[in-house]
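Here is a short briefing on side-chain contacts and the chain interface. Keep the model open while reading.

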Amino acid sequence: MDAMRDWFEALLREATTVLVGDEVLLMNASAEDSDFARFSQARVRQVGSVEQRELEVELVRGRRHAGACLTLTGAPGEDGPRVRRTVERLRERLGALPEDPYLLYNEQARADPGAASSERVAPARLPAAAEAVEAIQALAAGADLVGLYAAGRLARGFGNSLGQRNWYAARTFSFDWSLYHSADKAVKCDYAGATWEPEQLARRMDEARRKLAVLGRPAHKVPPGRYRVALAPAAVGELLRLLSWGGFGLKAQRTKQSPLLRLVEGAERLDPRVRLVEDTRAGTSPNFQEQGYLKPEAVALVDGGRAAGALVSPRSAREFGVETNGASAAEAPEALAMAPGDLPPEGLLERLGTGVWVGNLHYLNYSDLPACRTTGMTRFATFWVEGGEIRAPLSVMRFDETIYRVFGANLVGLTADSETLLSSDTYQRRSTGSVQAPGALVEDFAFTL
Amino acid sequence: MLDTLARVFPQVAPKAEFCSLRYQSEANEALAVRQGVLQPPRLSEDAGAMVTVADGGGVGYAATADVSAAGLRRAAARALDWARRSAGRTLPGLAPPARPAPSGAFSSPVSEPWESVPLAAKVDLLREACARLKRDERIVDWSAGLWHTRGQTCYLDTAGARVQQSFAMLVPDLRAVAHAGGETVSRSLGGHGMARQGGLEVLDAVGFARAPERVAAEAVELLLAAQCPTGTMDLVLAPDQMILQIHESIGHPLELDRILGDERNYAGTSFVTLDMFGTYRYGSELLDVTFDPDVPGQLASYGFDDDGEPARREYLIRQGLLVRPLGGRLSQQRAGIPGVANARASGWNRPPIDRMANLNLEPGDLSLDALVGGVERGVYMETNCSWSIDDSRNKFQFGCEFGRRIEDGRLGAVVKKCNYRGISAEFWRGLTGVGDRSTFQVLGTPFCGKGEPNQLVRVGHATPACRFTGVSVFGGA
């Protein structure tokens, strides 16, 4: 049996018993049992375990609603009374709150309780955390490894008093690490998923050690200017993550704050080969959101280089008079995928010829949001390339460039394969997000400092 | 809570060389009115504890929201297990250093408690502020918000430490977005930088009541403004941009865990090295920077850090000379140099690491008029809206919401899309003027991210306006 799910079901049942009249209860759970092992210099810096259970309770009466988020113990006998008290407290608050014209939640279950219910329990094979720590240290022997291993069970659940239930559970691991040569010269790596295969980790560690050897060469410096660049999938992924910050949500678009507003309004376009999709089917996130709406398998956001759609939360649906497509309140992609192109990835260096191979980008932000001009830094393994061969590591460079040039006029091509980049974010809880990105070859990429 | 935990702690602490118990709770209420509509109001309550055990050369932690004796006992057993399994595998110098057992309490000053005003009245206050932001049809989105936090921490350890602290914080927010002719601009009340400890009296301290008309008018003014000029020139930064400049290019590079390499996989390293303390000229002689946990009402004031270490004011940079890093007692032990009490955790479920707390630039003797008066050609900028810096905290580029040209010592036309870039190691040496108390503001932000696993903490920055020379300034695309 799934103890997290039993806990959630028990709290939902208990809270439902205290509803009065036409009150409706929505509940969202986020639970995880996580092990974290932090490494520096291939030694353990901090190691420990965290058990956390979070529950969002939302009480709805007519068009009034009030919500609270609680951290709970995981023991239904102890948490149940607290949830009941919270429902009563929210009922008191409803009296002081106005009606909400934009309230919208999934009421499908009134007619058919099973209609919007869903379940996704991913299979997993993980080692005990202490075994993973031992394996990592054994493979890192003699290297300067720094990073984080995070693993364990996690679950997300939605339920309402109308009978709808949605459950997502997984046991996952994420090992996000770097091998350092010296100063800021390093190779960034990751290994994440639900099936731990020691030989996979060993292969990735060997590959990192091989790249590390190149970083020992004297660093090459280039003056600010425009360069032909090959962006590795991880670097493209960083650009896509930045675009996810306000780029695709309907509210940001309708209130003129989206960095892609000019694309949305037809004043700009991207290269016709650019296709972006919120690909929930291929992603690793739950397929439901806080008000109980299911996410479609895919939502096209950019197609043929033109805006094709937006992520619409229930609230925005009500505000702007359109249908929701199951976006969360933040209307940010959780499984953004860029379609691959036709450049053979193994020939990318050769196609680059002379220029810069960018392994990773770092600390991106908008330097002119309406123009979708972004700035950020190269980081980790970034190399100067001549005649299709890596010559030397490149000292870190700042770029300042518009997305309309990078994925528009200056895009030479996208690689024929793409990588799934699982999010290693652990702010408050372990992320379930992902990005799929191909590599890209871009002309005249502006380095400024 | 401290008394309850103190009764339980001896029962749950395992037989080990060292054990600590850190309890942390927070209750939040966030209210916002956007375009006259109350956004879904949210309450949150979060509480739990972390037990840390050191034994036989290993250190481990376990965190749980079950703070009953049974729950803490399970966490202690798990932490002990990690300590034993990590023995022989850890970095050197992680055993908690001996010290006199700290004991004491801290409480945020509050003169007008959040709870003293009913919910409906707070919603009315926000409705009224929000309505005053809609001054022009070109304002297409506008909102007013308040985010209140009440928190408590307790720290106990087997060496006899006994600390309790309580906090109250308020984050006010006003925002107006103007749009016309394909151009969008935003103006806010200090970005996210107006956070302070206290109750509703914070609203007076940050000028919340009189701000909506100014925020709205400046949004429209920006819409019509020319772009920020491009070139190398003098730059005067207002306090609500200075806090970002201090944060990114002094605070983060001085964090001792970055210097020691712990953050290299995520937040990054530092251009500062251990041998630079006591000898390196960080900035001009006008630059005085302090770690100051004692400023009443500043966002990250406290009596003790999350390792229970008593906190006190220290100079980090004095007359431009780098003298001390931002490193807690464990990092100090590892590095062999003195630091400050800044081991902090974002919550009960994350272990303490070196963080900024209150990091302040001490005031000088120039009024704003005098700062501007010393500029022949330059730009004055307010309110951060874009930030990016390299992983060594050297090559930065920052953007501001609002700017004005400076010509012949006078503030001139408003300019938009204000950006500047530079290199930390050079930028602070170009500091040519530091504002006096009349320009000094106590500010702070709830959003500073760092650490693996990731942690978001609140940091305070108090600063005057400052003037820099020879800065690369530019506008939009």
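Which residue forms a salt bridge with B:Glu115? The partner is B:Arg150, with the closest N and O atoms 3.2 Å apart. A salt bridge here is a side-chain nitrogen of Lys or Arg within 4 Å of a carboxyl oxygen of Asp or Glu.

This is a predicted model, in which local features need pLDDT of at least 70, side-chain atom pairs count only at pLDDT 80 or more, and totals for chains, interfaces and linings use all residues. Residues are numbered from 1 along each chain as its sequence is written, chains are lettered from A and ligands numbered from 1 in the order in which they are written, and side-chain values use heavy atoms, leaving out hydrogens and water.

**Salt bridges within chain B**

- The structure holds 67 salt bridges over all chains.
- B:Glu115 sits in the loop between strand 5 (103–107) and helix 3 (119–133) of chain B, while B:Arg150 is in strand 6 (residues 139–157), 35 residues apart. Helices (H or I, at least four residues) and strands (E, at least two) are DSSP runs, numbered from the N terminus.
- B:Glu115 is partly exposed at 48% relative accessible area, and B:Arg150 is partly exposed at 46%. Buried means under 20% relative accessible area, exposed over 50%, and partly exposed in between (1.4 Å probe, protein chains only).
- B:Arg187 forms a salt bridge with B:Glu218, closest N and O atoms 2.7 Å apart. B:Arg187 lies in strand 8 (residues 183–188) and B:Glu218 in helix 5 of chain B, so the pair ties together parts 31 residues apart in sequence.
- B:Arg187 also meets B:Glu401 in a salt bridge (2.8 Å, N to O). B:Glu401 is in strand 19 (residues 395–407) of chain B, 214 residues from B:Arg187.
- B:Arg187 is buried at 1%, B:Glu218 at 11% and B:Glu401 at 9%.

**Interface of chain A and chain B**

- The two chains bury about 7400 Å² between them, 47% of it on carbon and sulfur atoms. Buried area is the accessible area (1.4 Å probe) that two parts lose on being put together, summed over both.
- The contact takes 88 residues from chain A and 89 residues from chain B. Contact means heavy atoms within 4.5 Å.
- Across the interface there are 13 salt bridges. In one of them, B:Lys417 meets A:Asp368 at 3.0 Å, N to O.
- Strand 2 (residues 43–61) of chain A gives the largest share of that chain's side touching chain B, 12 residues.
- A:Ser40, in strand 1 (residues 24–40) of chain A, is buried, with a relative accessible area of 0%. Beyond four places in sequence, A:Ser40 touches residues including A:Arg45, B:Leu91 and B:Asp262.

**Aromatic rings**

- The whole structure has 25 aromatic pairs over all chains. Rings of Phe, Tyr and Trp (its six-membered ring) pair if their centres lie within 6.5 Å; planes under 30 degrees apart count as stacked, over 60 as edge-to-face and the rest as tilted.
- A:Phe173 and A:Tyr191 pair edge-to-face, 4.9 Å centre to centre with 65 degrees between the planes. Both residues are buried.
- A:Tyr191 also pairs with A:Trp196, tilted, at 5.7 Å and 40 degrees.
- In chain B, ring pairs link B:Phe396, B:Phe398, B:Tyr420, B:Phe427, B:Trp428 and B:Phe468 into a cluster.
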